[in-house]
Amino acid sequence: MLGKKQKLRYSLKRMLSYNGAGFSNLVRDKDRIIDFIVDTLLEGGYRGMSPYSIKPKHIKYMTTKWREEKIGESQFSDAMRLVYWWVVLVGKTNILVEYKQYCLTIYCCKCEIDVEARLTNGREIYPHSKGVSNLPFWICDGCSNYVGCHHKTKTRIKPLGHIPSKELRNARKHIHILLDPIWKDGLVSRSQIYADLSKELGWSFHIALIRSIEEARNVYRVIRTMKHKYITKGVP
Ligand SMILES: [Zn+2]
C-alpha cells in the first residue's frame with residue numbers, strides 16, 4: 001500500500017513514462033525531475049494529489065517557489081516541460097494559458113510575421129461545440145486566429161501548419177472543394193496530384209502551408225490547369 005505522499009510520485013512516473021504523447025525525449029533524467037516536482041508540491045502542503053487534480057494554483061506555487069529559490073534555468077525548464085506534458089496528458093491544456101512558457105513560434109498569416117502562439121483548447125476556440133473542447137489549438141493573441149494540431153498522432157500538440165486568417169481558412173476550404181473530387185473520383189491518385197502540384201508550384205504542396213490569398217489564388221489556377229490536362233490528355 002502506497003502512502004498518501006507517494007501516490008502522486010508513483011502515478012506520475014507511470015503516466016509520464018508513456019510515450020504516446022511524443023514528449024519522451026524532452027527531458028533527460030525524468031524520474032529525478034518528477035521527484036523534484038512532487039517534493040515541491042509536498043513542501044507546499046499538497047498531499048494526496050492525483051495527476052488529474054492538477055490546478056493552476058499548483059503550477060503557480062511551483063513556479064513562484066522555484067524562482068524564489070533561484071534554481072538553475074535548465075532545471076526550471078526541464079521541470080516545466082514535465083509539468084506541461086503532465087497537464088497535456090490529463091487533458092487540461094486550458095490551465096496553461098496564463099503561462100508564457102507554453103508558447104511556440106508559428107508564422108501567422110494575418111499578422112504576416114512569426115508570432116509567439118499560445119497553446120489553448122477547443123473550449124476557447126469553439127465554445128459551443130463540445131466535441132472539440134479538449135482538442136489542442138495554437139492561437140495568435142495578436143489577431144485571435146488559430147491553428148489545430150496533429151492531435152491523433154504521437155505529437156498531439158504539433159501545429160498543422162501556419163496560423164491562417166479567416167479569409168485564408170475559407171480559401172483553403174475552397175481548395176479542398178476544387179482538389180478533392182479530382183482524386184476522389186479516381187481521375188488521378190491523391191499522391192500523384194500532390195506531387196504534380198508541388199512540381200508546378202515549386203514548393204512541397206500541402207494545403208495547411210498556404211500562407212497568403214495570392215498563393216491560394218495561384219493554387220486554384222494551377223489545379224484548374226492540371227485538371228484540364230488530366231481530362232484531355234490522361235495521366236502520364
Ligand atoms: Zn496573428
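Colleague: Let's start with Trp 138. Which strand does Trp 138 lie in?

Modeller: Trp 138 lies in strand β3, which covers residues 136-139. Keep in mind that this is a predicted model.

Colleague: Why does Trp 138 count as buried?

Modeller: We count C-beta neighbours. Trp 138 has 26 of them inside 10 Å, and a residue is buried if there are 20 or more. The value passes the cut-off, so Trp 138 counts as buried.

Colleague: Which residues is Trp 138 in contact with, leaving aside its neighbours within four places in sequence?

Modeller: Among them are Leu 104, Ile 106, Leu 119, Tyr 146 and Ile 163. Arg 118 is in contact with Trp 138 too.

Colleague: And how far apart are Trp 138 and Ile 125?

Modeller: They are 13 residues apart in sequence, and their C-alpha atoms are 9.6 Å apart in space.

Colleague: What makes up the largest nonpolar core?

Modeller: That core has 39 residues. Trp 138 is one of those with the most contacts inside it, and so are Trp 86 and Ile 163. Helix α4, residues 73-89, gives the largest share of this core, with nine residues.

Colleague: Now the helices. Why are α6 and α8 called roughly parallel?

Modeller: Their axes cross at roughly 10 degrees and come within 10 Å. Angles under 35 degrees count as roughly parallel, and therefore α6 and α8 are given that name.

Colleague: Which residues meet there?

Modeller: From α6 they include Leu 168, Ala 171 and Ile 175, and from α8 they include Ala 216, Tyr 220 and Ile 223. By class, this contact of α6 with α8 has eleven nonpolar, no polar and two charged residues.

Colleague: Is the crossing of α7 and α8 left-handed or right-handed?

Modeller: The crossing of α7 and α8 is right-handed. Asp 196, Leu 197, Glu 200 and Leu 201 in α7 meet Val 219, Val 222 and Met 226 in α8. By class, five residues in this contact are nonpolar, two are charged and none is polar.

Colleague: How many helices and strands does the protein chain have?

Modeller: The protein chain has eight helices and four strands. Of its 236 residues, 25% count as buried.

How values were computed:
Residues are numbered from 1 along each chain as its sequence is written. This is a predicted model: local features need pLDDT of at least 70, side-chain atom pairs count only at pLDDT 80 or more; totals for chains, interfaces and linings use all residues. Helices (H or I, at least four residues) and strands (E, at least two) are DSSP runs, numbered from the N terminus. A residue is buried if 20 or more other C-beta atoms lie within 10 Å of its own, exposed if 12 or fewer, and partly exposed in between; C-beta atoms are placed from the backbone. A nonpolar core is a set of buried Ala, Val, Leu, Ile, Met, Phe, Trp, Tyr and Cys residues joined through C-beta atoms within 7 Å. A crossing is left-handed if the near helix is turned anticlockwise from the far one by less than a right angle, and right-handed if clockwise. Two residues are in contact if their C-beta atoms, placed from the backbone, lie within 7 Å. Ala, Val, Leu, Ile, Met, Phe, Trp, Tyr, Cys and Pro count as nonpolar, Asp, Glu, Lys and Arg as charged, and the others, Gly among them, as polar. Axes are lines fitted to C-alpha atoms, for helices over the stretch in contact, and angles run from 0 to 180 degrees between N-to-C directions. Angles under 35 degrees count as roughly parallel, over 145 as roughly antiparallel, 65 to 115 as roughly perpendicular and the rest as oblique.
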